[in-house]
Amino acid sequence: MTRTGRKSWRQWTPAVVAAGAVGAAALVAPFSANAAVDLPDKTAAEVLALVQEKDADAFYGTVEQSSNLGLPDLSALGGAAGGMSPGGSGTTGGTTNDDGGEPSPASAALELITGSHTAQVFVNGPHQARLQVLDPLEERNVIRNGDDLWYYNSDENEAFHATLEDHEKPDGATSAPNDVAAHFLEKIDPSTEVTVGSDRMVAGRAVYDLVLTPRSTETLVSSVRIAVDGETGLPLGVTVAAAGSTDPAFSSTFTEINYEEPSAELFAFTPPEGAAVTEVDPGDHKAEHQREHQREHTDKEAAEKPTVVGEGWDAVVVVPAGQQEIPAELMQLSTAVDGGQLLSTALVNVLITDDGRILAGSVTVERLQAVASGQ
Amino acid sequence: MSSSTAVSAPRKSAGGRFLASELSVLFRRRRTWALLAALAAIPVLIAVAVRLSSGPSPGRGPAFLDQVSQNGLFVAVVATIVAIPLFLPLTVGVVAGDTVAGEASTGTLRYLLMSPVARGRLLAVKYVGAVVFCLAATFTVAIVGTLMGALLFPTGPVTLLSGTSIGVPEALLRIALVCLYVTLSLLGLCAVGLFMSTLTDVPVGAMAATVVASVVSQVVGQLPQLEWIHPWLLTQYWLGFADLLRDPIVWDSFAANALLQAGYVVVFGALAYGRFSTKDVLA
C-alpha cells in the first residue's frame with residue numbers, strides 16, 4: 001500500500017515541478033527587469049539639461065502605448081482601423097468586421113489616443129523618421145524622409161503624400177515617448193514642481209525618473225513621470241497619472257531601444273502598386289490660415305476664434321459655437337450637467353454648453369463651469 | 001558510463017523505428033488524408049469564390065481578401081487566416097485526442113506496451129506524431145493556396161503590411177515562415193490533446209475536449225473583462241503571424257508565442273506523463 005502510494009506520488013512529480021517552474025518563471029521575470037539601478041545623483045535642473053543636450057540622433061525601438069481614460073473602447077464604436085483584438089473571434093476567425101464604412105478621421109484619431117498600441121519607431125537625425133503602428137493583421141505607417149511625408153494604411157491600401165517646405169516640422173506629432181515628453185517639457189513653468197524620483201530601468205536602460213507635479217489643484221493631472229535615459233538623455237517613457245487614480249491614465253514607453261542608425265531603406269518609401277495615392281498640399285493649410293488671419297483682421301471679431309483661458313495646467317480652450325463638431329459616438333457618452341453636456345475622461349473634461357460653445361481642458365468640471373459662466 | 005551509452009544506442013534506434021512506424025500508421029490512415037483534404041478545400045473554395053465574383057471591396061471579409069484578385073499568393077495567407085480559429089484546431093484536436101485513447105479503444109495499447117518501450121517514450125512518440133501532422137496541416141493549406149492562387153490569378157511582387165514590395169521567392173519564404181509560426185502555435189494544443197487522450201478510453205471525448213479547449217480560450221480572449229488572463233491563453237498569439245508580413249519582420253510575437261507554447265507543452269506533457277505512467281491499461 002505504502003509502495004503504491006509513494007509511486008503514485010512520484011508519477012506526478014514532473015507535473016508539479018513543471019507547473020511550479022513555469023509559475024515561478026512568470027513571477028520572477030518582471031522583477032528581474034526591475035533590478036535596482038543607481039545612476040549618479042542629479043538635480044531636476046541637471047536632468048532637464050541632459051534632455052536638452054540629448055545625444056541620440058539615431059535610434060530605433062518598440063513602443064507600447066496604453067491609456068485608461070475611463071472611456072469605453074472607441075475602436076468598437078467607431079469601427080476604426082485596428083479595432084480587432086488579436087485573439088480572433090471564435091468562429092468566423094480573423095475577419096475584420098468593418099461594415100465597409102470609412103472611419104471618420106476624428107474617430108480614427110480618437111482610437112489612436114484611447115486604445116492600446118504597439119509601434120515601432122525609427123529615427124535618423126531630425127529629418128528622417130518612421131512610425132509603424134502594429135495593428136493586428138494591419139499596419140499604419142508615418143514616414144518622413146527629408147521633405148517627403150508619407151502616410152500608408154495597409155487596411156485600405158491607401159497612401160497620402162505631402163511635401164514639407166524648408167524642413168518644417170509636420171503637424172501632429174506622434175505619440176512616441178520622446179514626442180509626448182517634449183510636449184510636457186515645453187509646459188514646465190512656475191506652476192510645475194519638478195523633482196527627480198528614484199532611478200529605474202526602462203527598455204534595459206538605467207533612467208532618471210523626472211516627476212512633474214502640477215501645483216494647481218484644479219487640474220486633473222496628478223503627475224507626469226518622464227523616464228530619461230541616464231546616458232543619452234532621450235526620454236524613454238512618459239506616464240501620466242490622473243488625480244484620484246493609482247493606475248496611469250496614459251503611458252507611452254519604449255520596451256526596446258537601440259541607439260544605432262536604422263537602415264536607410266526604411267525611410268525610402270514608394271507607394272506599392274495598386275495603392276490609392278492622395279497628394280496632400282500643406283500649402284492649402286497655410287493659405288487657409290492666412291485667409292483666416294485676414295478675415296479676423298477685417299471682421300475684428302476675435303470671438304470667432306478659439307481662445308485659451310488661464311495658463312499652464314489650468315488652461316481651458318474655449319471654442320465658439322458652431323466652430324467644431326464633436327463626433328456623434330462621443331456625444332453618446334456625455335452626461336448632462338449644470339449648463340450643458342459633459343464629456344468626462346480621466347485626463348480631459350469637455351463641456352458643451354447649452355449655447356453651443358465647447359470648453360475643454362485638463363481641469364475639473366467646476367473650473368469649466370466657472371469659465372463658461374464667467375464669459 | 002560507457003555501458004549506458006552502449007545500452008542507449010540500440011534504444012534510440014528502437015525509438016526512431018517506433019516513431020517511423022507511428023508516422024507511417026498515421027499517414028496511411030484514410031482519416032488523416034480526409035482531414036488534410038478538408039483543410040485543402042479552404043484555399044480552393046476561397047480562390048474559386050474570388051475568381052467567380054467581381055472581387056470584394058477593401059476592408060470586408062478576412063484580411064487580405066481584397067488583394068487575392070491582384071496577387072494569387074495571398075490565397076495562401078487568407079486561407080491560413082480562415083483556418084486558424086476553427087479548422088486547424090479541429091483537425092489537430094482529432095489527431096492529438098486520438099493518440100492514446102484511440103489505441104486504448106481499439107485494444108492495441110496493450111500490445112504497444114508489451115514491446116520494450118517505456119511509457120514516457122511512447123507518449124513522446126505519440127506527441128511527435130501529432131506535431132508532424134500539425135506541420136503537414138499548415139503546409140497543406142499554404143501549398144494548396146499558393147498553387148490555386150498561381151493557377152487562377154496573376155502572381156507577382158507582394159506588398160507587405162508596411163507597404164514594401166518583395167519578390168515572389170521572398171514572398172514564398174515568408175509564407176513558409178507563417179506556416180512554421182502557425183505550427184508553433186498549435187504545439188500547446190497538441191500537448192493539451194495528448195493529456196486529454198490519456199484521461200479516457202473514448203477518443204471522441206478527448207477530441208471534443210481538445211477542440212473545446214481551443215474555442216474556450218479564444219472566447220475568453222475576446223472578453224476585455226478577463227484581460228488579466230489573456231497573456232496566459234493558449235490562443236493569445238495565434239494571429240500574431242502577421243508580424244512576419246511586416247518590414248522589417250517583428251520577431252517579438254514569434255518569441256513570445258514560442259515561450260507560451262513551451263510552457264503549455266511542459267505542463268501538459270508532464271500532466272500526461274503523470275496520468276499515463278501509472279494508468280491501468282485494461283483494454
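**View 1. Chain B from end to end.** Follow chain B along its sequence and the elements come up as α-α-α-α-α-α-α-β-β-α-α-α. That makes 10 helices and 2 strands, where helices (H or I, at least four residues) and strands (E, at least two) are DSSP runs numbered from the N terminus. Before going on, note that this is a predicted model, in which local features need pLDDT of at least 70, side-chain atom pairs count only at pLDDT 80 or more, and totals for chains, interfaces and linings use all residues. Residues are numbered from 1 along each chain as its sequence is written, while chains are lettered from A and ligands numbered from 1 in the order in which they are written. The C-alpha trace of chain B spans about 60 × 45 × 40 Å along its principal axes. Of the 283 residues in chain B, 50% are buried, meaning that 20 or more other C-beta atoms, placed from the backbone, lie within 10 Å of the residue's own.

**View 2. Helix α2 of chain B.** This helix covers residues 30-52, 23 residues in total, and reaches 32 Å from its first C-alpha to its last. That is close to the 33 Å expected at 1.5 Å a residue, counting 1.5 Å times one less than the number of residues. Which residues of α2(B) are buried? They are B:L35, B:L39, B:A40, B:I42, B:P43, B:I46, B:A47 and B:V50. These buried residues pack against α3 (74-83), α4 (87-98) and α7 (119-152) of chain B.

**View 3. Two nonpolar cores.** A nonpolar core is a set of buried Ala, Val, Leu, Ile, Met, Phe, Trp, Tyr and Cys residues joined through C-beta atoms within 7 Å. The largest has 89 residues, and B:V78, B:V92, B:C190 and B:L194 have the most contacts inside it. Helix α8 (residues 168-199) of chain B gives this core its largest share, 16 residues. Zoom in on B:V92 and you'll find it touching B:F133, B:C134, B:A137, B:L186, B:L189, B:C190 and B:G193, leaving out residues up to four places away in sequence; here, touching means C-beta atoms, placed from the backbone, within 7 Å. There is also a second, separate core of 66 residues, with A:V121, A:A129, A:V202 and A:L266 among its members.

**View 4. The open sheet of chain A.** Six strands line up in the order β14-β15-β19-β18-β17-β16, and the pairing is antiparallel; two strands pair if DSSP finds at least two bridges between them. At the edges stand β14 (307-309) and β16 (335-337) of chain A, each with a single partner strand, so one side of each has no neighbour in the sheet. From one strand to the next, the twist averages 25 degrees. Helix α8 (residues 365-374) of chain A lies across β14, β15 (316-319), β16, β17, β18 and β19 of chain A, at about 35 degrees to β18(A). Axes are lines fitted to C-alpha atoms, for helices over the stretch in contact, and angles run from 0 to 180 degrees between N-to-C directions.

**View 5. Strand β18 of chain A and its partners.** In β18(A) (residues 349-353), 4 of the 5 residues are buried, so the strand is largely enclosed by the rest of the structure. Strand β17 (residues 340-344) of chain A pairs with β18(A) over 5 antiparallel bridges, with A:G340 opposite A:T353. The two form a hairpin with 4 residues between them. Strand β19 (residues 358-361) of chain A pairs with β18(A) over 4 bridges, again antiparallel. Here A:L351 stands opposite A:L359, and A:N349 has A:G361 as its bridge partner. The hairpin of β18(A) and β19(A) has 4 residues between the strands, and A:G356 there takes a positive phi near 95 degrees.

Definitions and conventions. A residue is buried if 20 or more other C-beta atoms lie within 10 Å of its own, exposed if 12 or fewer, and partly exposed in between; C-beta atoms are placed from the backbone. Two residues are in contact if their C-beta atoms, placed from the backbone, lie within 7 Å.
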